[in-house]
Amino acid sequence: MATPHISAQPGDFAPAVLMPGDPRRAERIAGQLMPDARKVSDVRGIVGYTGTHEGRPLSVMASGMGQPSLSIYATELYSFYGVERIVRVGTCGGLSPKVAVGDVVIAIGAHTDSAIVDSICPGVRISATASWNLLKAAADAAGEDPSVKIAPVVSRDRFYGNPAEQTERLAGIGTLGVEMEAAALYCIAAELDGQALAVLTVSDHLLDPSQNMSAADRETRFGKALALAVSAALS
Ligand code: HPA
């Protein structure tokens, strides 16, 4: 039976799912990685594909933008489709001089201003952290590549209108990237006994907007993050 937001049938998803935000990127990744990709869901334009990558079952499903949207799809995939691993593969803004546009940030944890961290275990602000086995697999695949950083990111609810002092402070406490989904993914995975990781290409820089990628660049310059995400998902 389908869920309210996913039209696939039980068994239509592989245990490992790559999750970009953008549905068009999901379609492109599926075509790139899986010669036998078939569309298994298309509700509200949030598409999901399943096929095999080098003989291993794999799915790709978009999350849409923001923590509420990702939370819906992650919850339904872990709870109703037998999904075990979700690896977000997306972009983030650079927050700190320690990263440059084009670098990849593997999010060991995700700070957030979202209420989701308060809802998982009432009375405690839980730590939104990556699953060790996926993190290790991605780190091993990255090897000594200096452009791959393993660090905390921040998942904000607002793209616009965030206080500059907060951004500065986040950089001061070692946060390298800003995006809008990872913390929710890590919280939902913890709640539902799933595994999760976010692998993010730095597509723009809050301290130096002259480095920012064009929309076309964002589509093509994230092959490294995708390869690390696949290594983690299929580890
Ligand atoms: N904020 C700022 N820059 C970004 C983000 C974000 O959420 N995602 C990708 N670049």
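Which element gives the most to the lining of the second largest pocket? That would be S6, with 4 residues. A few notes on this and other spots follow; bear in mind that this is a predicted model.

1. **The second largest pocket.** Its volume comes to about 190 Å³, and 14 residues line it. Ala 110, His 111, Thr 112, Val 117 and Ile 126 are the ones nearest its centre. Two elements give two or more residues to this lining: strand S6 (104-112) and helix H3 (116-119). By class, the lining splits into 5 nonpolar, 6 polar and 3 charged residues.

2. **The largest pocket.** Here the volume is about 620 Å³, with a lining of 24 residues. If you want to find the middle of it, look for Met 65, Thr 91, Phe 159, Met 180 and Arg 218, which lie nearest the centre. Helix H1 (23-33) and strands S5 (85-94), S8 (177-179) and S9 (195-205) each put at least two residues into the lining. S5 has the largest share, at 5 residues. As for the make-up of the lining, I'd note 9 charged residues alongside 8 polar and 7 nonpolar.

3. **Asp 204.** This one sits in strand S9, an element that also supplies at least two residues to the lining of the largest pocket. Is Asp 204 buried or exposed? Its relative accessible area is 15%, so it counts as buried, the cut-off being under 20%. Its side chain makes a polar contact with the side chain of Ser 203, at 3.0 Å. Setting aside neighbours within four places in sequence, Asp 204 is in contact with Cys 92, Gly 93, Gly 94, Val 101, Asn 212 and Arg 218. Of these, Arg 218 has already come up as one of the residues nearest the centre of the largest pocket.

4. **Ser 59.** Strand S4 holds this residue, and at 0% relative accessibility Ser 59 counts as buried. Which side chain does the side chain of Ser 59 make a polar contact with? The partner is Thr 50, at 2.6 Å. Beyond residues up to four places away in sequence, Ser 59 touches Asp 12, Phe 13, Ala 14, Ala 16, Val 17, Leu 18, Tyr 49 and Thr 50. So Thr 50 turns up both as the polar partner and in the contact list, and Ser 59 is buried, because 0% is under the 20% limit.

5. Most residues other than glycine have a negative phi, so a colleague may want to look at a couple of places. Glu 54 has a positive phi of about 50°; it lies in the loop between strand S3 (46-53) and strand S4 (56-61), and is exposed at 73% relative accessible area. Asp 193 has a phi near 60°. Its place is the loop between helix H6 (182-191) and S9, where it counts as exposed, with 74% relative accessibility.

6. **Helix H2.** Which of its residues are buried? The list is Gln 67, Ser 69, Leu 70, Ser 71, Tyr 73, Ala 74, Glu 76, Leu 77 and Tyr 78. For reading such a list, recall that an α-helix has 3.6 residues a turn, so residues three or four places apart point the same way. After the helix comes Gly 82, with a positive phi near 70°.

7. Glu 191 belongs to helix H6 and is partly exposed, at 43% relative accessibility.

8. **Ala 137.** Found in helix H4 (residues 132-142), Ala 137 is buried at 14% relative accessibility. Leaving out residues up to four places away in sequence, Ala 137 touches Ser 231, Ala 232 and Ser 235. Gln 211 is another matter: it is 74 residues from Ala 137 along the chain, and their C-alpha atoms are separated by 29 Å.

Note on methods:
Residues are numbered from 1 along each chain as its sequence is written. This is a predicted model: local features need pLDDT of at least 70, side-chain atom pairs count only at pLDDT 80 or more; totals for chains, interfaces and linings use all residues. Side-chain values use heavy atoms; hydrogens and water are left out. Buried means under 20% relative accessible area, exposed over 50%, partly exposed in between (1.4 Å probe, protein chains only). On a 1 Å grid over the protein atoms alone, a cavity is a set of points where a 1.4 Å probe fits but cannot get out, and a pocket is an open set with protein on both sides within 12 Å along at least five of seven lines; lining residues have an atom within 4 Å of a point. Grid points are joined across faces, edges and corners, and a volume is the space filled by probe spheres set on the points. Ala, Val, Leu, Ile, Met, Phe, Trp, Tyr, Cys and Pro count as nonpolar, Asp, Glu, Lys and Arg as charged, and the others, Gly among them, as polar. A polar contact is a pair of N or O atoms within 3.5 Å; within protein, one must be able to donate a hydrogen and the other to accept it, and residues adjacent in sequence count only if both atoms are side-chain atoms. Contact means heavy atoms within 4.5 Å.
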